[in-house]
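Here's a quick walk through the structure, starting with how some helices cross and ending with the ligand. Have a look first.

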Amino acid sequence: KGKRAFIAGVADDNGYGWAIAKSLAAAGAEILVGTWVPALNIFETSLRRGKFDESRLLPNGSLMEIIKVYPLDAVFDNPDDVPEDIKTNKRYAGSANWTVKEVAESVKQDFGSIDILVHSLANGPEVSKPLLETSRNGYLAALSASSYSYVSLLKHFIPLMNPGGSSISLTYIASERIIPGYGGGMSSAKAALESDTRVLAFEAGRKHKIRVNTISAGPLRSRAAKAIGFIDTMIEYSIANAPLQKELSADEVGNAAAFLASPLASAITGAVIYVDNGLNAMGVGV
Ligand code: NAD
């Protein structure tokens, strides 16, 4: 029987979420995605108009099918959390049931269960500010969108995950090494995400036989990364200094995610897996 995956954080064909969707689809999984509400319209329109058809191409020559796109805002757990200005915001008012709890309920109603949960989203409104200049609100917003969003997703989706299921998030080495420019509390958010990966692996493993891992990915020119502003420098740095001197492709991260979601990884949980051409292993630049 084929597996079903829900991938949160897909809004175009450039990011890690899209590449993970493709690798899972190529391995035979059914693909559902969660798309940030403000990005929903343009993503669905582009999908419908065939703008992504070239990048939907799978190794067997078929096109990846996204079975359903769910609007999602992972900083809200249920309707009571949503402030008035968001409720009445034009971009939100056109969609319904996009809080984490409601999305999980909708997926349960539509499909009953899933096997794979992917968290490929992050947001830090003050990411371009050094930590010393980050406001309390900016810091907490980064943690809310990039770390707690994962706790919340897993909490609400676990009841519909089949035993033996697998959950994956995306992290960045700025959690453990100094990466100037990755500010606004985003380095803190990734440290929390990695620590939570271990605790959640224990809790979800004991209670539901679900594995929880995170991929520490190298630099990719995604929409989110371009907004930070130093992505080209990071890519050049990696090519100059990593053991493998090539640009990292999103598919390499997608394939690692497909492995982690598969029975081939049945004893791997609570792990931070580096998919970064080996850059993490270097002690100095060369
Ligand atoms: P991306 O822009 O493709 O993905 C980020 C997604 O998060 C977007 O689709 C955005 O709409 C969504 N999003 C933001 N706030 C949201 C919210 N409140 N609710 C729901 N969705 C929301 O960029 P990406 O770089 O592929 O990012 C995916 C993951 O990979 C992130 O966790 C990121 O930190 C991580 N990562 C990226 C890099 C890199 O260099 N690009 C490196 C390591 C880790």
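A crossing counts as right-handed if the near helix is turned clockwise from the far one by less than a right angle, and as left-handed if it is turned anticlockwise. Keep in mind that this is a predicted model.

By that rule, helix α1 and helix α10 make a right-handed crossing. Helix α1 covers residues 16–26 and helix α10 covers residues 250–261; the two pack at about 55°, with 7 Å between their axes.

Now for another pair. Helix α6 (residues 136–157) packs against helix α7 (residues 186–208) at an angle of about 20°, and their axes are 8 Å apart. Anything under 35 degrees counts as roughly parallel, so that's the label α6 and α7 get. The crossing of α6 and α7 is right-handed too.

On to the ligand. How many residues surround it? The count is 27, and the closest are Tyr 16, Ala 74, Lys 190, Leu 220 and Ser 222. Sorted by class, that shell has 17 nonpolar, seven polar and three charged residues. Both β5 (161–171) and α8 (223–228) put at least two residues into the shell, and α8 gives the largest share, with three residues.

| Residue | Protein atom | Ligand atom | Distance |
|---|---|---|---|
| Tyr 16 | backbone N or O | oxygen | 2.8 Å |
| Asp 73 | polar side-chain atom | nitrogen | 2.9 Å |
| Ser 222 | side-chain N or O | oxygen | 2.6 Å |

So how much of the ligand does the protein bury? On its own the ligand exposes 820 Å², and the protein buries 92% of that.

Two of the residues in the table, Tyr 16 and Ser 222, are also listed among the closest to the ligand.

Key: Residues are numbered from 1 along each chain as its sequence is written. This is a predicted model: local features need pLDDT of at least 70, side-chain atom pairs count only at pLDDT 80 or more; totals for chains, interfaces and linings use all residues. Side-chain values use heavy atoms; hydrogens and water are left out. A residue is near a molecule or strand if one of its heavy atoms lies within 4 Å of it. A polar contact is a pair of N or O atoms within 3.5 Å; within protein, one must be able to donate a hydrogen and the other to accept it, and residues adjacent in sequence count only if both atoms are side-chain atoms. Accessible areas come from the Shrake-Rupley method with a 1.4 Å probe; for residues, only the protein chains shown count as cover. Helices (H or I, at least four residues) and strands (E, at least two) are DSSP runs, numbered from the N terminus. Ala, Val, Leu, Ile, Met, Phe, Trp, Tyr, Cys and Pro count as nonpolar, Asp, Glu, Lys and Arg as charged, and the others, Gly among them, as polar. Axes are lines fitted to C-alpha atoms, for helices over the stretch in contact, and angles run from 0 to 180 degrees between N-to-C directions. Angles under 35 degrees count as roughly parallel, over 145 as roughly antiparallel, 65 to 115 as roughly perpendicular and the rest as oblique.
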